[in-house]
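Open the structure in your viewer and keep the sequence beside it. We will go from stop to stop, selecting as we go.

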Amino acid sequence: MNFIKIIAIFVIVIGIVYAIGQAPQMIEQVKEYQKAQPVKTVKKPLITAKKTPSPAIVKPILEQKTATTTLSKAVLDIPDYRIPTGYKREELSPYFEKVQVSSVSTYSWGNYPKSISLYSYLQEGELINISSWKIKSNRSEISIPKAIGIYRPDGGEETDIILSGSNYINIYNAKSPVNKNFRLNKCTGYLENFYDFNPFLPMNCPYINRSEISYLYGECQSYIMSLSNCKMPETNFYNSLPGSDRGNDCRAYLNTINFGNCYSKYRNDKDFLSSEWRIWIEGDWFIDSLHDRIRIFDKDGLLADEYIY
């Protein structure tokens, strides 16, 4: 038994010695084997850059943000309870309630036509162009036309209606006696001598100063002072004057009592223009005679006022 153990121990020792001697060669063989193997490459996933959305997609988003963030202070300050039913704040005009419907006349009597009246509430220096604005009822609509801003002896050209301060805009369902819309002034009352306005034009022409006619003879002065405001001299009295110097002086002054002379004399006055505009629109009237909902829309289609009756 001892002999066998001795043999076994001897074999083990011989094996260990052999392994130690062959170790360097075995390491080199492993390295050579690794070099001989093909190199495997790991493919990284392809990362593609994100495409920038096209302008056609981005633009509406930017516009929407702008529309939301650029509401005028006037619109932002409107209390919620003032916003008409069915409308959102962004649907209100920057001129909301600065131009309002003040009254509606749904019936005509005699020669007095149906009408609708607007009124402006503007700060000093503030101006609003309302031509092309829409006034809509439940069944139809009208577009606010142009008008003569300063009516002259030759009439004048119709241009956009520019409101300032507290202006009245009376719109009549009739034909204009002068075939044009216009803003009244100190002298337009003289037009009543030639045209039949209904309702009548205000007869607020400047009074004749007594000192201006003091050089005329008594009967002439009395006649002139008897004339109502904006009233032109009658032909009968004019022709009855004597052919003397005093008669000629009277006729010469009577010739100055008219629209043209009034316009030349007072057109530069600060208060020459009236606060009233008159517009005439022919055809079927767009407002219901019993009940209706009237809305004013500015040139951008935004709500400026609502009037329910």
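Start with how residues are sorted by class: Ala, Val, Leu, Ile, Met, Phe, Trp, Tyr, Cys and Pro count as nonpolar, Asp, Glu, Lys and Arg as charged, and the others, Gly among them, as polar. This is a predicted model, where local features need pLDDT of at least 70, side-chain atom pairs count only at pLDDT 80 or more, and totals for chains, interfaces and linings use all residues. Residues are numbered from 1 along each chain as its sequence is written, and side-chain values use heavy atoms, with hydrogens and water left out.

**Stop 1: the largest pocket**

Select Ile-208, Tyr-253, Thr-256, Asn-261 and Lys-265. Of the 13 residues that line the largest pocket, these lie nearest its centre. On a 1 Å grid over the protein atoms alone, a pocket is an open set of points where a 1.4 Å probe fits, with protein on both sides within 12 Å along at least five of seven lines; lining residues have an atom within 4 Å of a point. The space inside is about 170 Å³, a volume filled by probe spheres set on the points, which are joined across faces, edges and corners.

Which classes make up the lining? It has 8 nonpolar, 3 polar and 2 charged residues. Now select helix 7, residues 259-266. This helix gives the largest share of the lining, 4 residues. Helices (H or I, at least four residues) and strands (E, at least two) are DSSP runs, numbered from the N terminus.

**Stop 2: the core**

Select Phe-182, Tyr-190, Ile-224 and Leu-254. These have the most contacts inside the largest nonpolar core, which has 33 residues. Such a core is a set of buried Ala, Val, Leu, Ile, Met, Phe, Trp, Tyr and Cys residues joined through side-chain atoms within 4.5 Å. Buried means under 20% relative accessible area, exposed over 50%, and partly exposed in between (1.4 Å probe, protein chains only). Strand 8, helix 4 (218-226), helix 6 (245-254) and helix 7 each give two or more residues to this core. Helix 7 has the largest share here, 4 residues. In soluble globular proteins, nonpolar side chains tend to be buried together.

Stay on helix 4 and pick Tyr-223. Is Tyr-223 buried or exposed? Tyr-223 is buried, with a relative accessible area of 13%.

**Stop 3**

Five of them form an open sheet in the order 1-2-7-9-8, with mixed pairing. Strand 1 (99-105) and strand 8 (182-185) stand at the edges with a single partner strand each, so one side of each has no neighbour in the sheet. Two strands pair if DSSP finds at least two bridges between them.

Zoom in on strand 7 (residues 168-172) and strand 9 (residues 273-280). They run parallel, joined by 5 bridges. Ile-169 has Trp-277 in strand 9 as its bridge partner.

**Stop 4**

Most residues other than glycine have a negative phi, and most peptide bonds are trans. Select Asn-179, in the loop between strand 7 and strand 8. Its phi is positive, about 65 degrees, although it is not a glycine. Asn-179 is exposed, at 53% relative accessible area.

Next, pick Glu-97, in the loop between helix 3 and strand 1. Glu-97 also has a positive phi, near 65 degrees. It is partly exposed, at 21%.

Finish at Pro-199, in the loop between strand 8 and helix 4. The peptide bond from Asn-198 to Pro-199 is cis, with omega near 5 degrees.
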